[in-house]
Amino acid sequence: MERGRRPARMTESRAGRGKRQDLSLSEEQKVLIRETFELFDSDHDSLINYDELKVALQALGFDAKKHEVLNILQAFDREGNGKMYFQDFKDVVTEKMAEEGAMEEAEKAFRLFEGGAMGKVGLRGLRSVSQQLNEDINDEDLQAMIDEFDKNGDGAIDLDEFRCIILGDDT
């Protein structure tokens, strides 16, 4: 397979997820990604294997669980040798940075809705936000919103449930 081409299975899975974000990296981030790749490419073959990838992701501050690292390698292993090229590494790290930014923004929004209610968004928090936005939504409709997204049945929306709402994640 040509070096510049991405395996069809990854392109299809990314297209299917619809979450491919085109994050503009600063020059500093580009240099950091390049230097991290080069640092952990211990045999200097311009490819990184499982162990190198796991440590490189951890060095960049990402939680690198075994199954995730294996999935990444499987998706980008062009030659069937358990290794990936720099451009693929850069794509993975760029996507992880975009996801991390989205998670941070979701948490900030949650704190606005929560209003100090001990990590939960309840009827009172939704009512307060709807009033601040000059939205006239009755308590019955607000409670219906809570009920729809309250996956653990505790009568309120916690941070994980809120992230699912904001990020469109069904897990």
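Modeller: Happy to! α4 and α5 pack with their axes 11 Å apart, at an angle of about 135° (axes are lines fitted to C-alpha atoms, for helices over the stretch in contact, with angles from 0 to 180 degrees between N-to-C directions). Glu 68, Ile 72 and Phe 76 of α4 meet Asp 88, Val 92 and Lys 96 of α5, where contact means heavy atoms within 4.5 Å.

A word on the model: it is predicted, so local features need pLDDT of at least 70 and side-chain atom pairs 80 or more, while totals for chains, interfaces and linings use all residues. Numbering starts from 1 along each chain as its sequence is written, and side-chain values use heavy atoms, leaving out hydrogens and water.

Now the wider packing. Ile 72 is also among the residues that touch the most other members of the largest nonpolar core, which has 23 residues (buried Ala, Val, Leu, Ile, Met, Phe, Trp, Tyr and Cys joined through side-chain atoms within 4.5 Å; buried means under 20% relative accessible area with a 1.4 Å probe, protein chains only). α2 (27–40), α3 (50–59), α4 (66–76) and α5 (86–114) each give two or more residues to this core; helices are DSSP runs of H or I, at least four residues, numbered from the N terminus. Leu 53 touches Ile 72, Val 69 and Phe 89, among others, not counting residues up to four places away in sequence. A second, separate core of eight residues includes Val 121 and Phe 162.

Definitions and conventions. Buried < 20%, exposed > 50% of the residue type's maximum accessible area, 1.4 Å probe, protein only.
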